[in-house]
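Hi,

Here is the structure I promised to pass on to you. Have a look first, and then read on for my notes on the side-chain contacts.

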Amino acid sequence: MKYLLTVLVSTAIFFSACSSNDEVPKEPQISTVENSVILLMAGNNDLSSTVSTDLDELHKGIQNMNADSRIIAIAVTSTQKYVEVIENGKVEKKAFTDFSESFSTANAEHITNVIRAIESKYPSRNWNLVLWGHANGWLIKNDSIANNLFVNAPRRAYGQSVDNSKRIYINIPSLARALKSTGIHFGNIFADCCNFMCVESIYELRDVADYILGSPAEIPEEGANYSDIASLLPMKGCDSLKRIAEKYCAYYDARYTGINGVPLTIVKLSEMDKLAEATRPVMEQISKKEELNMTGLIHYYSSNLMYDMNDVIMHNVDSAVYAQWYKSFEQAVVFRHAVKKWTTGWQLPVIFDFEVTDARYGGLSMFFPMNVSDYVQNGYNDNVYKFQWPYVIGM
């Protein structure tokens, strides 16, 4: 019995030692940085090849990136999904399964979950966001994730994803809820996609971030030149966003020799409620008009759905009402870059039957319901009420 006890004790010690030696080493602690940006690249569509092109540009531009900054790119193409973590001049490619088992850029829950996973794994004191891909302003379907089987149907918002041969999109109210559900309040949002700067969409995002940069019009397929702006993307504050806008504008102004370019706008989101309040008396006066004067006014979409907000109000209300409204508009729209024309390559291109001037260009589009066949037949007059903006301005 004494010998049996000795054997049992020795065996226990042996297995204990083996267990200790076989422990899986813990992952090294990832340090908290000051500034980070998430680059959400919705490329499961005809932009698939552009994902790698823009990431190559990004890699060339990180040499001057602050040591206390991090870029995390969520890359989704037609053939693969992966995550790139960029910091200290190095690029590390990660398997997407490290963050999420399934992911679609058109799924609100997926967006929330993957951003939460990134925040948990790569802590940062400040966060920015880049929305990369297709977009189409405020246009909306009945449900929050819309199956779009028609190539030319103007019914998309952001994040076009071709899943099982169906084009699906996430509408802006759903995107706003997804971002808010992450628990992150973003400093800057840079929307590198078409027609994003419409007041209906921007109002939905007012509680999600401090500032947002984008274009009210179509942009070239290649979007921003990321080698120019990579080091600025994680930086906090409106000044860094203005520098991104200036570099973006300079790149295309030089490329198109001042004829075609990209109109850009920065909005201070904390001013959107004040802008809505200031717009109520404007809409009261507009509602009394039998017909709006829209002839020759700036618009950003082929079906004239997205008129320049400033241009319409300037030409349809009394000068005193306009002057009072414009004070609030200037507080909300803190940066504007106007161009005479821009690249318009969609199936139904914009007809430039208007003149763009600095005084007329506001850089935010708005939908004004009208009793015209296109608006009625396609349900635009009704669909816009799926946003909060028409209600808060008394439209």
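A residue is called partly exposed here when its relative accessible area lies between the buried class, under 20%, and the exposed class, over 50%. With 42% relative accessibility, Asp 273 therefore counts as partly exposed. Please keep in mind that this is a predicted model.

Arg 206 itself is buried, with a relative accessible area of 15%. Arg 206 has another contact too, as its charged end sits over the ring of Tyr 203, 3.9 Å from the ring centre.

In general, side chains of opposite charge can pair when their charged atoms come close. Among the salt bridges is one between Arg 255 and Glu 222, at 2.5 Å from N to O. Here again distant parts of the chain are linked, 33 residues apart, with Arg 255 in helix α7 (residues 238-255) and Glu 222 in the loop between β10 and α6 (226-229). Both ends are partly exposed: Arg 255 has 43% relative accessibility, and Glu 222 has 24%.

Arg 360 and Asp 311 form a salt bridge as well, at 2.8 Å from N to O. Arg 360 lies in the loop between β15 and β16 and Asp 311 in helix α9 (residues 309-314), so the pair ties together parts that are 49 residues apart in sequence. Are these two residues buried or exposed? Arg 360 counts as buried at 14% relative accessibility, and Asp 311 counts as buried at 0%. There is also a network of salt bridges that links Glu 34, Arg 125 and Lys 236.

Now for the aromatic rings. Searching the whole structure gives 18 aromatic pairs. One of them is the edge-to-face pair of Trp 342 and Phe 352, with 5.0 Å centre to centre and 75° between the planes. Trp 342 lies in strand β15 (residues 341-342) and Phe 352 in the loop between β15 and β16 (365-366), so this pair ties together parts that are 10 residues apart in sequence. Trp 342 is buried at 2% relative accessibility, while Phe 352 is partly exposed at 22%. Elsewhere, Trp 138, Phe 367, Tyr 380 and Phe 387 make up one aromatic cluster.

Last, a backbone point. Most residues other than glycine have a negative phi. Asn 88 has a positive phi, near 55°, and Asn 195 has a positive phi near 55° too. Asn 88 sits in the loop between β3 (81-87) and β4 (90-95), and at 53% relative accessibility Asn 88 is exposed. Asn 195 is in the loop between β9 (186-192) and α5, where Asn 195 counts as buried at 2%.

Happy to talk any of this through.

Best wishes

Terms used. Residues are numbered from 1 along each chain as its sequence is written. This is a predicted model: local features need pLDDT of at least 70, side-chain atom pairs count only at pLDDT 80 or more; totals for chains, interfaces and linings use all residues. Side-chain values use heavy atoms; hydrogens and water are left out. Rings of Phe, Tyr and Trp (its six-membered ring) pair if their centres lie within 6.5 Å; planes under 30 degrees apart count as stacked, over 60 as edge-to-face and the rest as tilted. Helices (H or I, at least four residues) and strands (E, at least two) are DSSP runs, numbered from the N terminus. Buried means under 20% relative accessible area, exposed over 50%, partly exposed in between (1.4 Å probe, protein chains only). A charge sits over a ring if NZ of Lys or CZ of Arg is within 6 Å of the ring centre and within 35 degrees of the ring normal. A salt bridge is a side-chain nitrogen of Lys or Arg within 4 Å of a carboxyl oxygen of Asp or Glu.
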